[in-house]
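Open the model in your viewer and keep the sequence at hand. The stops below can be selected one after another.

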Amino acid sequence: MRKALNHLKRSDPVMASIIERVGPYKIQYRDPIFQTLVRSIVYQQLHGKAALTIFNRLKAAAKVDPFTPESILKLRPARMRALGLSPQKLSYIRDLARLTRAGEVDFERFGELHDEAVIEHLTRVKGVGVWTAHMFLIFALQRHDVLPTGDLGVRAAMKKAYNLSELPTPDEMTRIAAPWRPYCSVACWYLWRSLENQGAM
């Protein structure tokens, strides 16, 4: 990781000052498995604490850790709803469970696929958009060069750090991030931390 930090500090003075302020790189990775993607669906558009409560209830109801597509599909939709999941989210999670059980989403293959292929694969699942796929690439597959242009935290941190009048567009983000390559994920972790708000998956 020293190589990545040296590259970021050399290539971008703004990023260098953020790294100096935030300190050591301490990203927490998750296993690239079915349960991790379900977790990110639960967390969509929810405050971290509320999402964690619902996710822990789901884990307890599934009675196996890490839970599997089979353990989720055994739960009745009404039971899942009672755990705090919205009708929309429980339909996404059940859809993902069915596709995973059928082998159409194969978590074991992701390690050998390029980032774009992983995004294409995951976004076939109802409720999994590009943002969720980006988070999975960064926090589960440990890919070092992902720029999540749809992430509000990264956009807000860029606006603040680079003195922009408005939140940057995806094109502006790509331009600002050009010097960071091939370590965009590392830079984004620092941007999240610069707002004292870690990217969560």
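The tour visits a helix and then some aromatic rings.

The model is predicted, so local features need pLDDT of at least 70 and side-chain atom pairs count only at pLDDT 80 or more, while totals for chains, interfaces and linings use all residues. Residues are numbered from 1 along each chain as its sequence is written, and side-chain values use heavy atoms, leaving out hydrogens and water.

Select helix H1, residues 2-11. Helices are DSSP runs (H or I, at least four residues), numbered from the N terminus. Its buried residues are Ala4, Leu5, His7 and Leu8; buried means under 20% relative accessible area, exposed over 50% (1.4 Å probe, protein chains only). Seen down the axis of H1, the buried residues fall within an arc of 160°, so they line one face of the helix. The arc is taken from the directions from the helix axis to the C-beta atoms. On the face turned away from that side, select the exposed residues Arg2, Lys3 and Arg10.

Next, select Phe34 and Phe107. Their ring centres are 6.4 Å apart and their planes at 85°, so the pair is edge-to-face. Rings of Phe, Tyr and Trp (its six-membered ring) pair if their centres lie within 6.5 Å; planes under 30 degrees apart count as stacked, over 60 as edge-to-face and the rest as tilted. Phe34 is in helix H3 (residues 34-43) and Phe107 in the loop between H7 and H8, 73 residues apart.

Then select Phe55 and Phe67: with centres 5.9 Å apart and planes at 55°, the pair is tilted. Phe34, Phe55, Phe67, Phe107, Phe110 and Phe136 form one aromatic cluster.

Methods. Helices (H or I, at least four residues) and strands (E, at least two) are DSSP runs, numbered from the N terminus.
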